[in-house]
Amino acid sequence: MMKNTIRLLSSLFAGVACISTAYAQHSPVKSVGNVNDVKISEQQVNITTQNAYAEVAVYSPSVIRVRLDKQPLAPDFSFAVFAKPQQTKATINQDDNQVSITTDSLKLVITKKPFTTTFYTPDGRVISQDEKGLSTSWVNESVTTYKHMQDDEHFIGLGEKTGNLDRKGSGYTNWNSDTFGYRTDQDPIYSTIPFYIGIHHNLNYGIFMDNTYQSDFNFGASNNRFSSFGARGGEMKYYFIYHKHLADIITSYTALTGRMKMPPMWSLGYQQNRYSYYPDTEVYRIAQTLREKKIPADGITLDIHYMDKYKVFTWDKNRFPDPAKLTAKLKDMGLKLTLIVDPGVKTEAGYPVYEDGLKNNIFIKYSDSTNYTGQVWPGWCHFPDFTGEKGRTWWHGQIKKYADVGVSGIWNDMNEISTWGQKMPDNVIFDYEGQKVSHLQAHNVYGLEMARASFEGYRKALDNKRPFILTRSGYAGLQRYTAIWTGDNRAEDDHMLMGVRLLSSLGVSGVAFSAMDIGGFTGNPSVALYTRWMQVGAFTPYFRNHTQVNTKSAEPWAFGEEALEIARNYINLRYRLLPYLYSSFYEATQNGHPIVRSLAINYTFDPKVYSVAYQNQYEFGNAFMIAPFAGADTYGTVYFPEGNWYNLYNDEMIAGKQEKISRISTQQLPVFVKESSIIPMQSLIQSTAEKPTDTLTVHIYKGSRNNSFVYYEDDGESYNYENGTYYKRTITYNAAKRQIVFGKPEGSLNSKFKNIKVQLHGFADNDKVMLNNKSANTKTEFVSFLTPISTFDPQGVANVAEGHNVKSLTFGNSNSQITLGY
Ligand code: GLC
């Protein structure tokens, strides 16, 4: 009886087990399953599960990488990450139920039944955990990791993605696409950066999934359980980054994917462009008008009409008979030339670039080894394979031709790859550093590798001079080689505001050098929108005015006298701010912090910064807060985060943690300065080829927080700074000590400024100023950041002549420490 019962029960259990195994076996979703085997080494754990192979490696105390595949893991490879794991102290233990990895900054626990990960702070708070029951799984070749959606979690990042700053509630796809005149919620657009930051319960973390296949992210888009990331092929490979401060997450992310090099100084000046300026006499007219109208500028860009029938590496001989003369004449006028290049090489017998490409066998191919042919500007084209050394080296040889005639910048376009129709077949094969992969795997890195080929080739060609490289398409890590712009936007208010968010999002995703077409590419902006956009443009990293073929002229003088004066005012301000901007770029080279900073970077746990009402506000470097509004807005509400703020134009002090409604003028962009800020400025110049006066004016805003600013100079054009030829000094504001200290300069270069003038904002009359412990005589000076505009402001709000008196003090720029007290 007893025996029978046991038999019955065991066959019942077997039945249940059988059903669930059958369910799992027949499910189209394959999960990682239970852990079978664990191998621990110093900084790494290798795990075999029922259905997968995993490798978990400590990269630094704050970064852990997780790899998972259905098959044994392939050798590690990446186009984005060149960094190797740092030697890190890690304690790795296991028992029957779990494996734990502990560093000084973070703890990862992997449960064994089934394989699930949970990341904790050292004091045991959950930062991120796999969604129970889902974890990581495969559907055919697609792999996805599901993370539990934390209460009130915000998500930012993913690079060039439209939509809101906070990505909660949305889903995104990465598949680089040519999206002419895209909508403000269109996805995907041109570029792929599969990195985001999650924020909840006063914690923040970053996840970078390094996979170049089409990838998908879901931040609770029509699901209330999880945030997820996955790709349509390849392995699951993600880096988990945890720091207390969001800015440090960007630093760690850029330690993995690399940082930008110092840009050439001229690329930070104003750039004039349209599709297209031709012939050369038109280029001279534009250059001449910029100078006559006293609009500071450093660059003119030539679009596809400079080429002979759109054939890359050719010139239209009628329109541009003497390119070397053109660049030389522009140089005399303080202007550099940037040229557009497209990857498509026209398949035309006798066209040397095509013939040479064929001879060297550098084009991407169908699986039967015939070259792939697709249509783009010049007609039928082949496409160089930038994903392999051979293709890139070939490109270096071609691009040199532009250096030989004095071209300074290379603008890489159509590199998604764009072919009319957008449907490149899957069976096109790319080298992918010798791995020979299909279009599905290589598509998203083609743009990155084209920009890399242009950068590396042009760097060689210009000898030791810095090239300026711009790209439309890219992948994580693009900041190592290039600046990026956000493609074919529209001349609409929503586009301008969304453009600001694209730049903010690129910024948190490791890309400091970014741009949008100022004025809008498609369509014609209203006067109000144009002027507002030019104002905002002055506070973006790469400042280029661009518009489509057949639109109205969009140079600063094309919208009437008032618009011209407003645009000039802000371009002037930009040029005066170059010492500040250049130093901010230096910061980006050191720690990856962007120029356009979403408020989420410094005010991460203030929920207001994620609200749709304030999501367009951003910091420009670490001193300014910009509040962009639509061109014709007459009222606007600005949110002031914690701390005190100064109105740039009149020094009015505004307390933080409040929303404030104010009238908005077309003549003034709302710009505010954070208390305790240190802002070095120079005299107005018309081009960076011109020398400013020998006085550096440092604006200091009284405040109650401590602050420091690394002031940086170098020659602005070579890589000599990499060998110590720079001038750098840290300026600190110590609120408690009531001191401003100009630290001892470092580097082997002398400053170009002989004198330092300090202008003290918000200081009281009875603040006695001391210079190196001796009482100093200060003057009262009137400061105004804009020039009065001759036309009346119809809204009667702004008097741009407004300014304010400040205490001012000038002293010699000595190489020893300088201390100011008050
Ligand atoms: C693409 C680019 C645009 C350029 C045009 C012509 O649309 O995005 O900036 O002007 O091609 O080359």
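User: Is Arg392 buried or exposed in this model?
Analyst: The model is predicted, so local features need pLDDT of at least 70 and side-chain atom pairs count only at pLDDT 80 or more, whereas totals for chains, interfaces and linings use all residues. Residues are numbered from 1 along each chain as its sequence is written, and side-chain values use heavy atoms, with hydrogens and water left out. On the scale used here, buried means under 20% relative accessible area, exposed over 50% and partly exposed in between, with a 1.4 Å probe and protein chains only. Because Arg392 has 1% relative accessibility, its class is buried.

User: Which residue does Arg392 meet in a salt bridge?
Analyst: A salt bridge is counted where a side-chain nitrogen of Lys or Arg lies within 4 Å of a carboxyl oxygen of Asp or Glu. For Arg392 the partner is Glu449, with 3.1 Å from N to O. Arg392 lies in helix α6 (residues 389-404) and its partner in helix α7 (residues 439-461), so the pair ties together parts 57 residues apart in sequence; helices (H or I, at least four residues) and strands (E, at least two) are DSSP runs numbered from the N terminus. The partner is itself buried, at a relative accessible area of 0%, and the residue asked for is Glu449.

User: How many residues apart in sequence are the parts tied together by Asp714 and Arg466?
Analyst: The side chains of Asp714 and Arg466 form a salt bridge at 3.0 Å, N to O. Asp714 is buried at 7% relative accessible area, and Arg466 is buried at 3%. Since Asp714 sits in the loop between β46 (707-713) and β47 (727-734), and Arg466 in the loop between α7 and β31 (468-471), the separation of the parts they tie together is 248 residues.

User: Is Asp316 buried or exposed?
Analyst: Asp316 forms a salt bridge with Arg319, their closest N and O atoms being 3.5 Å apart. Arg319 is partly exposed, with a relative accessible area of 23%. Asp316, at 14% relative accessibility, counts as buried.

User: At roughly what angle do the axes of helix α10 and helix α11 cross?
Analyst: Axes are lines fitted to C-alpha atoms, for helices over the stretch in contact, and angles run from 0 to 180 degrees between N-to-C directions. Angles under 35 degrees count as roughly parallel, over 145 as roughly antiparallel, 65 to 115 as roughly perpendicular and the rest as oblique, and α10 and α11 are therefore oblique to each other. The axes of α10 (residues 561-576) and α11 (residues 578-591) come within 5 Å, and the crossing angle is roughly 60 degrees.
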